[in-house]
Structure formats: structure tokens, C-alpha cells
Amino acid sequence: MSWSQTLRRNMKVIGVISVVLVGLTYFMLPSEAKDNKPKVTDKVFFDIEIGGKSEGRIVIGLFGKIVPKTVKNFVDLSTKETVGEGYTGSKFHRVIKDFMIQGGDFTRGDGTGGRSIYGDRFEDENFKLKHYGAGWLSMANAGKNTNGSQFFITTVKTPWLDGKHVVFGKILEGMDVVRKLENTKVAGSSPAKDCVIAKSGTLPVDKPFSVEKEAVEG
């Protein structure tokens, strides 16, 4: 066998081995890596009141495998029952139609307060997820690495926020309630009536499940 024939044979063998290795690598990947869809690992609910009237429940799916530190912060603050210690009793203090609704300032209620479970502020975990459309949950901040407890829910696609705010959840139920909040009367961006998270808490997730990277209908 000539040198050139040997080389060609070896190249074919290398090619076959490469294909096999790629295939094995694919099957060893977790399912969310294969389909490129984020998996919901935790669920949080907000029972909403506007002007003292019950308007329904928002259920949010959280991506604990992608942004575990950010999700833990949100979950822990959602389970605190004492007003002034977590999300229960706090307000959506900023509402901008065709953009987003913002809440989570449980210490001052005006967007200047709040705190994380890790201290006053914590760093941006990552920017793996984007603001794909209406119904995505993201951390509000005052610049790089200034996450506390404040968050916002998009009501449209906001690509200019990608890489600047950590996305960590998506609305699973109650997008109609988000729209009620979005359409409440405002003075500037401050709701005319108090938009309150009357109660927050967690819901069980028996098995993590994937969601689409797209807007929430409603």
C-alpha cells in the first residue's frame, strides 16, 4: 500500500471516529442543551390587588439550572411572610405601557430600596437568556453588578436590555393579570392605585420542564 493510500485510509478512520464522538457528546448532553430551551425548576406565585381589589394570580417559572443564584434570591424573597422582608405586601411601583412593569422594592416602595438575600447587592450571574418578548422576568438594576430584590416583567420584546439585565424566569399563568397591571392608570410611571403583591409563595415542580424562547400570549 502506498503512502498516499495509507494517508487516505487514516483520514477516513479519523473522520468516522469524529462523527461517533460528536454523536456520543450530543446524547450525553442534558436535554435543555439539546433543544436549547430553558428548563423551569421552580415556580413562584403572586396574588395581585389593584386599588384593594383582587385581580388574580401570576405564576412564574424560574430557571434554576441556568441562573441558580438569582433564582434562589427570588424564591427566598417570595417565601418570606413578614411585610417588609420580602415580596408579600410589596408594590409594583413603576409601570410603563408597551415596555414593562417593575416591582420588588419591599423596603421603600419607590424603586430606591430593596435588598438581596446575599447582602445589599449581588453580581450579575450571567446573560445566557434574553428578553424574548412579553412575559419574561428579569432583574432590575442600577448598572453592572447591582442586583438586589427589584425585578421587572416585560410586556414587549426588549432586545436593548440583553446583556445588561439578568433574565431568569417566564410567566406561565396570569399574563392577563400582567396586562391589567400594565394598563393601570399612572402618573408618569407611578400607578395611580396601589398595585400590590398581596401574597407571594412557591408552587411545586414535580419535574423540570422546558419552555419556548418566545413571547407569552395574552
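# An aromatic cluster and the strand beside it

Phe 46, Phe 74, Tyr 87, Phe 92, Phe 106, Phe 151 and Phe 168 belong to one aromatic cluster. The model is predicted, so local features need pLDDT of at least 70 and side-chain atom pairs pLDDT 80 or more, whereas totals for chains, interfaces and linings use all residues. Residues are numbered from 1 along each chain as its sequence is written, and side-chain values use heavy atoms, with hydrogens and water left out.

## Aromatic pairs around Tyr 87

Rings of Phe, Tyr and Trp (its six-membered ring) count as a pair if their centres lie within 6.5 Å; planes under 30 degrees apart are stacked, those over 60 edge-to-face and the rest tilted. By this rule there are 13 aromatic pairs. One of them joins Tyr 87 and Phe 106 edge-to-face, at 6.4 Å centre to centre and 75° between the planes. Tyr 87 lies in the loop between helix H3 (68-79) and strand S4 (92-96), and Phe 106 in the loop between S5 and S6, so the pair ties together parts that are 19 residues apart in sequence. Helices (H or I, at least four residues) and strands (E, at least two) are DSSP runs, numbered from the N terminus.

Tyr 87 also pairs with Phe 151: the ring centres are 5.3 Å apart and the planes at 80°, so this pair is edge-to-face. Since Phe 151 is in strand S7, the pair ties together parts that are 64 residues apart in sequence. Both Tyr 87 and Phe 151 are buried, meaning under 20% relative accessible area, with exposed over 50% and partly exposed in between (1.4 Å probe, protein chains only).

## Strand S7

In a regular strand the side chains alternate between the two faces of the sheet. In S7 (residues 151-154), Phe 151 and Ile 153 point one way and Phe 152 and Thr 154 the other way, and all are buried.

Two strands pair if DSSP finds at least two bridges between them. S7 pairs in the antiparallel sense with S5 (residues 100-103) over four bridges and with S6 (residues 136-139) over three bridges. Phe 151 stands opposite Gly 103 and is also the bridge partner of Met 139.

## Gln 150

Gln 150 lies in the loop between S6 and S7 and counts as buried at 9% relative accessibility. Beyond four places away in sequence, Gln 150 touches (heavy atoms within 4.5 Å) residues including His 93, Gly 103 and Met 139.
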